[in-house]
Every structure is written in structure tokens, then in C-alpha cells.
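Please examine the protein shown below.

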Amino acid sequence: MQSVLDFGPVLFARSSKCCLWFSSKLFSSSSGYHSRSNVGQTSGEIVKWMGEHAPVFGVNGEDISVLHEPNQFFTSLKENVSKAKQRIILASLYLGTGEKEQQLVDSIHDAVKRSKASDQLLRVEVLLEHTRGSRGEHNSRTMLLPLVQNFSDVVKVSLYHSPSLRGLLKLLLPERFNETVALTHLKVYLTDDTIIMSGANLSADYFTNRQDRYIEIKNCSPLADYFHGLVTTVQSFSLHLQPDNTTVMSKTFPVHPTKGFDGGKNFKSEAGKRVSAFLKEQQRNNTHSDLKTTVNSQFDTWVVPLVQMFPFGIRQDEFITSELLSNATQDSKLFLASGYFNLTRKYMDILLKSSAKCEILTSHPTVNGFYEAKGVAGGIPHAYTLLARDFYRLTNQYKQTDRICLQEYVRNDWTFHVKGLWHYPGNRTSPNLTLIGSPNFGHRSVYRDLEAQVAIVTDNKGLSEALNKEKTQLYHNAQRVTDETFTLPERKTPFWVYCATRMIKNLL
């Protein structure tokens, strides 16, 4: 069997429990991607071709934990924040305003206060979405404002504002809908050298009864440094919260996201240069080494961060995901989850032409976060029902219903926000790969928003079994979609939703 570390010349950095290597290729757009056939299904083969396009971090499987419930996510996050000594880096869509969110803010406050008392330097950086984080009088900004006011020397709160939301569009769109244009969707929860990758946001429902995924990776400073750098890079072209609750752009970034008459072109160009420069800097800062002899006996698991920022020309996640879906073999199985099911045409085409078995899990209307919402938002579950129906009909048209199974998650008093992929090669009963992070595999994730996730490739039996348990528990609450599903009276799409969905599908 070919070694996972037969890369040829690479760039290498290591710590005592984690290593990082890059190939000599580094992407900044899709132009350098060349799809290949038979990329292989073993862990070594997968990591080898991924390493041609993205950094690869070697870790020990025992340092990775799969969390299953929202309360575990909240408890682990709060404990990690409380114990942090060097850095707390949080990137999310928004921070809620309830009691649990306040507990998290209080934990940050106490950690900073304690570090100052002991002459330690604890840095706190928070990145949120400007539109969502500013909604209403009591919002993410007001929750975090005391931290900025009390610890302005070590606390930095940034709010990314999309350059696509400007002018008349920003003026006319209601507050609740302006975030549909484009936003930062990064979910990174990092403390010292521990990182929790998830699709969850920082609000009470995600801590209580909104099902998501959460994987904690410990003792890997190069991986933590990577995501710290990624968040800091996005912060560099974001607005910064001031002690008086105003926001200002950094003096080091020459373009404002909403000013000027170029439609945001200059902002996107400059931001894209920064993200590309960050990725290239990661490569330059490491030294050559022979990984085959240095690392091969140390690690049984590899983490590959994947970034998708289409507005800035960064299409790494799209490429890697497409390759994974395209090259799944006939004897393998894919499990794909998306809380908001709206696959791109490219992903649909790949799945419909694939030979691998695939089970897709999405939300039943009753577990959609907009179920029974007032006004226009109440039509969103119907819109996703329509999109699911369209895909199901395609599987019938292509005669793929025996190979592709569409299922809906149903759970009383819960909502569903799970996203990701599990890959089972060659009739194995546990996966050797998972994707976890912010992307939903939909049009927004690929073409509009700023996204990041990781591919975790493992030969560690315990971790593989834990991933299988995670997938099994999620699919345990699933109902298979059949021809009868969409004939039920409650699944009938209102005419106005049908028309609206056809017009705004790319915003969902």
C-alpha cells in the first residue's frame, strides 16, 4: 500500500503532537484545478491528492472527540474559554442575547481578568457578521460591548460586511432579509491549541435543541495557528467595534465595503489578495523535511482545512468536495447532510452520475428553523420542500432511486442544522473521512458566502467508530422520502412560495 507520506518535496512544520505539511502547489482560484479520475479511497491516497491543493495537518486520533448534543457543545466551549491562557478566537454568524450567551461572555470576561491578574497575555478575537450581529437594539454588539470597553487592549470584535450589500439594495431590504445577499458563515471556536469545528452558531437554540455537529481537536498548534490566521485575515477587511458601539474600518485596509461606485469590485479584489497572501505565507513559513521517515509512525489521522470564498476567487472547498463526490467508487457509500437542502447544479450532476451509494439527510419542514415563522419567513420550509421535491424527481428521472436515498430528519421540539459528509470506502462499516464545518453544499455556500470546513481523514479505529456513531444517531431520526411524501396536504407548496422560490433560489 502506498504511504500517505509519499509526497515528494514538501514544506513542513511540527509541534510535539501535531505536524503540518504542504505540497508545492497552492491554489487561489479554480484555474489551477485539474480534476482527476481514480484518486483513490484509502486514507493515504485521499490525503496525498488533497495535499496537492491544501495544507495537511497530522494529528493523533485520540486527540479528536466527536460531540453529539448541543449541551455538550456549550459545556465544552465554555470550559475551553474558561481555561484559555493565550488566545480565544471565535468566528460565528452571530452571538445570541440570552442567558446562556451571557454565560459565555462572562466566561470570556473572567478569563481575561484572571490573565491580567497573573500577568499573562490572553488575546480575544471575535468575528461576526455585521448585518446579523447588528440586528435589533439588543444584539451581538451590545452583548460584547462591555468586553471592548473594559479590555480594549486585548479584546477585538470585528464585523464582516459584504461588499455586495450596498446602495439601494441595502437601503430597501428589510433588516431581517439583508443578510440573504452574502455574509461570513465561518464557524471557528478556538482556545489556545484546541479547536471545535462545527456548523453551529453562538445562540441558545444551538446550545439547547438545535441539532448540529461538533468535533473537538486538541493539541495541534499548527492547525490552531492556521485558523487563527484565517480569522485574523478576514478581520483585516472587516469593521471593528468601538467602545461607543460604532464601527470603523482598519486603517490598513484601503477600501470600505459599502462606499464607492464600483459595486464592491475593489473591495473584493483587495480582500482576495489578503486571503491568497495568507495561504501563500503559510507555505513560506515552513521548512523542508522528509515526512516519510519523520512522521509516518506518529500520526493516524490527518486534518485538511478547506476554504471557500468565491467572491474573492478562493474555491478550494468546492474543488475538493467535487473530487470526493466524483471519485467515490461503486463499493463505497456517502452520507451527506444539509440542514438547508439546495445543492448546486454541479453537485447534483455529480451525484446523479456517480456509482457510489448515497444517503442524503435534510430537514423535515417541522424541524426547519423557520417553521411556523410569521410573514414571508414562514414560507421558507415550503421553499426547501420544493427544492427537495425537485431533486427527488431528478433521481426518479435518472432511475437512481435505488442508489440515492433522500431522507428527512424529524424530532419533536428540535430543529435541524446539521451539515457535512461521511465517506465509507469499500464496504467498510465505519467511515475513513468526514467533512465538517460551515458549508451546506448549496448555492450560497459555494458562490456567495465566506465558508470554511475541515476534511478529517483517519485510520484510527476509535475515531472512525465515533464518526460512525455520530452518523448513525443522526440518521436514526430520519424518514425516507417517497413518492407519497409530496402528495400529503401539509406538503403542498403555496403558489406564492413556488413563484418566489423559482426567482430567489440562489439566495437560499
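The largest pocket is lined by 44 residues, and Glu179, Thr180, Phe370, Ile380 and Tyr384 lie nearest its centre. On a 1 Å grid over the protein atoms alone, a pocket is an open set of points where a 1.4 Å probe fits, with protein on both sides within 12 Å along at least five of seven lines; lining residues have an atom within 4 Å of a point. This is a predicted model, in which local features need pLDDT of at least 70 and side-chain atom pairs count only at pLDDT 80 or more, while totals for chains, interfaces and linings use all residues. Residues are numbered from 1 along each chain as its sequence is written, and side-chain values use heavy atoms, without hydrogens and water.

Helix H16 (495–504) gives the most to the lining of the largest pocket, with 6 residues; helices are DSSP runs of H or I with at least four residues, numbered from the N terminus.

Which residues of the largest nonpolar core touch the most other members? Of its 58 residues, they are Phe227, Met309 and Phe312. Helix H8 (residues 221–236) gives the most to this core, with 7 residues. A nonpolar core is a set of buried Ala, Val, Leu, Ile, Met, Phe, Trp, Tyr and Cys residues joined through side-chain atoms within 4.5 Å, where buried means under 20% relative accessible area (1.4 Å probe, protein chains only). A second, separate core of 41 residues includes Val47, Leu325, Ile360 and Leu394.

Key: Buried means under 20% relative accessible area, exposed over 50%, partly exposed in between (1.4 Å probe, protein chains only). Helices (H or I, at least four residues) and strands (E, at least two) are DSSP runs, numbered from the N terminus.
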